[in-house]
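Here are my notes on this one, as promised. Have a look at the model, then go through the points below.

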Amino acid sequence: MSIFITIFFFLHRKYDEFLSIFRPTMLLQVFVVSCSIIFLWFIFLTSFIEDDFTQYMALTSMEAIFGIPFCTFQMYMSCFVFNTLNIKKDSITFALYSSNWTEMDMKFKKLILLTMRMNDAHQQKLQYTKTKIINMEIFYHVCFILPS
């Protein structure tokens, strides 16, 4: 079990390094792709409002409709990866709690409790506000609720 705790601390450190490197890039990418999806839907839908549907408008609407799946896939992959990382990170605490740590000696109990406290205090997630994190919920919101 002490090997598990060592790996736990190693994973926390690597996750912090990963977020420190990729946080600005991923937040910018999610923001740009979200705006792109909304603008592409807007362009596609407004091309049909005009009374005079020209060849140029047909080309523009085709470009928009072919760009929407690409941007949606990019958004899905970003949200899926960070959602999976958050779930796996949270499952580590559950695994620690589910172990038979109550039957171990006092030194081991203190180590497990310290590890659980550190994990609860160390809630590093890719956030775009203080309470909103990048996960599948933001994908659903951008791709299905905003366009409608």
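**Notes on the helices and their contacts**

1. Let's begin with Lys14, which is partly exposed at a relative accessible area of 40%. The scale used here calls a residue buried under 20% relative accessible area, exposed over 50% and partly exposed in between, with a 1.4 Å probe and protein chains only. Glu17 also counts as partly exposed, its relative accessible area being 35%. Lys14 and Glu17 form a salt bridge, with 3.6 Å between the closest N and O atoms. The term stands for a side-chain nitrogen of Lys or Arg within 4 Å of a carboxyl oxygen of Asp or Glu. The structure has one salt bridge. Both residues sit in helix H1 (residues 2-46), three residues apart, or about one turn of the helix.

2. Before going on, some ground rules. This is a predicted model, where local features need pLDDT of at least 70 and side-chain atom pairs count only at pLDDT 80 or more, while totals for chains, interfaces and linings use all residues. Residues are numbered from 1 along each chain as its sequence is written, and side-chain values use heavy atoms, with hydrogens and water left out. Helices (H or I, at least four residues) and strands (E, at least two) are DSSP runs, numbered from the N terminus.

3. Now the annotation. The unreviewed UniProt entry marks residues 21-44 and 64-85 as "transmembrane region". Those positions are given in the numbering used here, feature names are shortened, and annotations may be inferred rather than shown by experiment. In the model, residues 21-44 are 100% helix and 0% strand, with the end C-alpha atoms 36 Å apart. Residues 64-85 are likewise 100% helix and 0% strand, and 32 Å separates their end C-alpha atoms.

4. Which residues of helix H4 are buried? In H4 (residues 136-145) they are Ile138, Phe139, Val142 and Cys143. Viewed down the axis of H4, these fall within an arc of 110°, so they line one face of the helix. The arc is that of the directions from the helix axis to the C-beta atoms.

5. How do H2 and H4 pack? Helix H2 (residues 55-98) meets H4 at an angle of about 160°, with the axes 8 Å apart. That makes the two helices roughly antiparallel. On the H2 side the contact is made by Thr72, Met75, Tyr76, Cys79, Phe80 and Asn83, and on the H4 side by Met136, Ile138, Phe139, Val142 and Cys143. For the record, axes are lines fitted to C-alpha atoms, for helices over the stretch in contact, and angles run from 0 to 180 degrees between N-to-C directions. Under 35 degrees counts as roughly parallel, over 145 as roughly antiparallel, 65 to 115 as roughly perpendicular and the rest as oblique. Contact means heavy atoms within 4.5 Å.

6. Neighbours within four places in sequence aside, Met136 contacts Tyr76, Cys79, Phe80 and Asn83. Thr84 is 52 residues away from Met136 in sequence, yet their C-alpha atoms are 9.2 Å apart.

7. Some further pairs to check on screen. Phe73, in H2, is exposed at 52% relative accessibility. From Phe73 to Phe139 it is 66 residues in sequence and 10.0 Å in space, C-alpha to C-alpha. Val32 lies in H1 and is partly exposed at 41%. Val32 and Met75 are 43 residues apart in sequence, with 9.6 Å between their C-alpha atoms.

8. Lastly, Trp41 of H1 is partly exposed at 27% relative accessibility. Lys132 is 91 residues from Trp41 along the chain, and their C-alpha atoms are separated by 24 Å.
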